[in-house]
Amino acid sequence: MTAEATGPALSVSAHRAGRAAAGDHDLSAFPDLARRLDLAVLRAVAAGVGAAAGPGPWTADEVADAFGAAERHRWIPGHWIAALADEGMVTAEGSAFRLAAPPRRRDLAAVRRDLDRARAGLGFPPALTAFLLRTLRELPRLLRDEVSAQSLLFPGGDTAVAEAVYRDNPFSRYLNAAAADTVRHLRAAGPDGLRVLELGAGIGATSADLLPALDGRTAEYRFTDLSPFFLDLARGRFPHPFLRFEVLDFATGLPETTGPFDLVVAANTAHNAPHVPRLLGQVADLLAPDGRLLLIETCREPHQSLTSMPFLLSGRAARQDLRAGTERTYLTRREWREALHGAGLRVLVDLPHPTEPLDALSQRLLLAAR
Ligand SMILES: C[S@@+](CC[C@H](N)C(=O)[O-])C[C@H]1O[C@@H](n2cnc3c(N)ncnc32)[C@H](O)[C@@H]1O
């Protein structure tokens, strides 16, 4: 067993691997393009609200009524109005709101074009535009619970949209390759027969990069998710003999008897825990003395997910941590770091660096050690 690289050396190496995987895509325009994508989606949401409820003034409840929103989704128009107010797209009139500039038909065509240009500039496949436009068209039926966000995200079981969002774009390539690089270091320095637990592994967008990096030294990789759908998918996709597939809902706690693990992975999923600090504490308890937690997490609330994420969250257990009583889905970068620290975990890698253009896309890779 060789000594593992220090935190700064791990970061430099992971960043290099990430940049190499992102290819020669021009990243300098990412902050501007990410902003344009966000604003295009928000303008289209404003148009959807205007089409259902008129230009206003209306309260969030009145917008929910105008859409005929199902009980569990009634909170979502209020969530949208908060985002619209933040961006000056609605103005307050007492406790009600009015669209600042009711959208015209020709503006909407321009919004759709802008959305697609920003998507292309960020290197996402066209499937992302198709998905966003579909969710925007379906806003009334989504709100009435006549169609589910899951069925739009995985139409007929197809994972192309999820692949576009979590794998098939320069930023995800950066994150997944940087994650794999940190794991390669762990594999080189760690014990023989590594034991790995992945939470909320889903379509395996990150696992697909981690598994080859772990091959040869890994005794067991527990690929877990809330949903058996993803486990079936992964069984067909990943041939590695050390994989075990299990249904595991981390919202209800982690089984203490299964540890210790040399690596716990949670990519784009830990925010689903009703109490993030509690989850991180449970993960810390499951780690071997030299174990690592690898997180990929969103650290801002991007407007571009306003037409899907709220619908996926409706009906889930209420947030009991610092997000309690708010409509926030994610923790900020500082809050993630504090929560890791509070769980007795030391942050070794935190990428991309906040001055990098890639930082504009709100997701980060965090590697922490016991
Ligand atoms: C955005 S996807 C990310 C998937 C995956 N990590 C990847 O990179 O492809 C979130 C995943 O978390 C899973 N999930 C959500 N809440 C969960 C929970 N409480 N316990 C386990 N998995 C959960 C979902 O089923 C979904 O597969």
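Strand S8 and strand S9 (residues 363-369) run antiparallel and are joined by 5 bridges. Within this pair, Arg346 stands opposite Ala369 of S9. Strands, of at least two residues (E), and helices, of at least four residues (H or I), are DSSP runs numbered from the N terminus; two strands pair if DSSP finds at least two bridges between them. The model is predicted: local features need pLDDT of at least 70, side-chain atom pairs count only at pLDDT 80 or more, and totals for chains, interfaces and linings use all residues. Residues are numbered from 1 along each chain as its sequence is written.

**The open sheet**

- The pair S8 and S9 belongs to an open sheet of 7 strands, ordered S5-S4-S3-S6-S7-S9-S8, with mixed pairing.
- Strand S5 (243-247) and strand S8 (346-351) each have a single partner strand and stand at the edges, so one side of each lacks a neighbour in the sheet.
- On average, neighbouring strands of this sheet are turned by 15° against each other, direction ignored. Angles run from 0 to 180 degrees between N-to-C directions, and axes are lines fitted to C-alpha atoms, for helices over the stretch in contact.

**Helices lying across the sheet**

- Helix H11 (residues 207-214) lies across strand S3 (194-199), strand S4 (218-225) and strand S6 (261-267), and runs at about 170° to S4.
- Helix H13 (residues 276-286) lies across S3, S6 and strand S7 (287-298), and its direction is at about 145° to S7.

**Loop between S8 and S9**

- Pro352 lies in the loop between S8 and S9, and the peptide bond joining Leu351 and Pro352 is cis, with omega about 0°.
- Ser362 is also located in the loop between S8 and S9; phi of Ser362 is near 70°, a positive value in a residue other than glycine.
- Ser362 is partly exposed because 18 other C-beta atoms lie within 10 Å. A residue counts as buried if 20 or more other C-beta atoms lie within 10 Å of its own, as exposed if 12 or fewer do, and as partly exposed in between, with C-beta atoms placed from the backbone.
- Most residues other than glycine have a negative phi, and most peptide bonds are trans.

- Strand S1 (residues 90-93) runs antiparallel to S2, and 4 bridges join them.
- Val90 has Leu99 in S2 as its bridge partner, and Glu93 has Ala96 in S2.
- The hairpin has 2 residues between its strands, and Gly94 takes a positive phi near 65° there.

**Other local features**

- The peptide bond from Gly56 to Pro57 is cis, with omega near 5°; Pro57 is in the loop between helix H2 (30-53) and H3.
- Asp65 lies in helix H3 (residues 60-67) and is partly exposed, as 15 other C-beta atoms lie within 10 Å.
- Asp65 and Leu99 are 34 residues apart along the chain, and their C-alpha atoms are separated by 17 Å.
- Asp145 lies in the loop between helix H7 (139-143) and helix H8 (149-153) and has a positive phi near 65° in a residue other than glycine.
- Asp145 counts as partly exposed because it has 16 C-beta neighbours inside 10 Å.

**Ligand surroundings**

- The ligand is surrounded by 21 residues, of which the closest are Gly200, Gly202, Ala205, Leu226 and Asn272. A residue is near a molecule if its C-beta atom, placed from the backbone, lies within 6 Å of it.
- The shell around the ligand comprises 11 nonpolar, 8 polar and 2 charged residues. Ala, Val, Leu, Ile, Met, Phe, Trp, Tyr, Cys and Pro count as nonpolar, Asp, Glu, Lys and Arg as charged, and the others, Gly among them, as polar.

**Overall form**

- The protein contains 15 helices and 9 strands.
- The C-alpha trace spans about 65 × 45 × 40 Å along its principal axes.
- Of the 370 residues, 45% count as buried.

Notes. Two residues are in contact if their C-beta atoms, placed from the backbone, lie within 7 Å.
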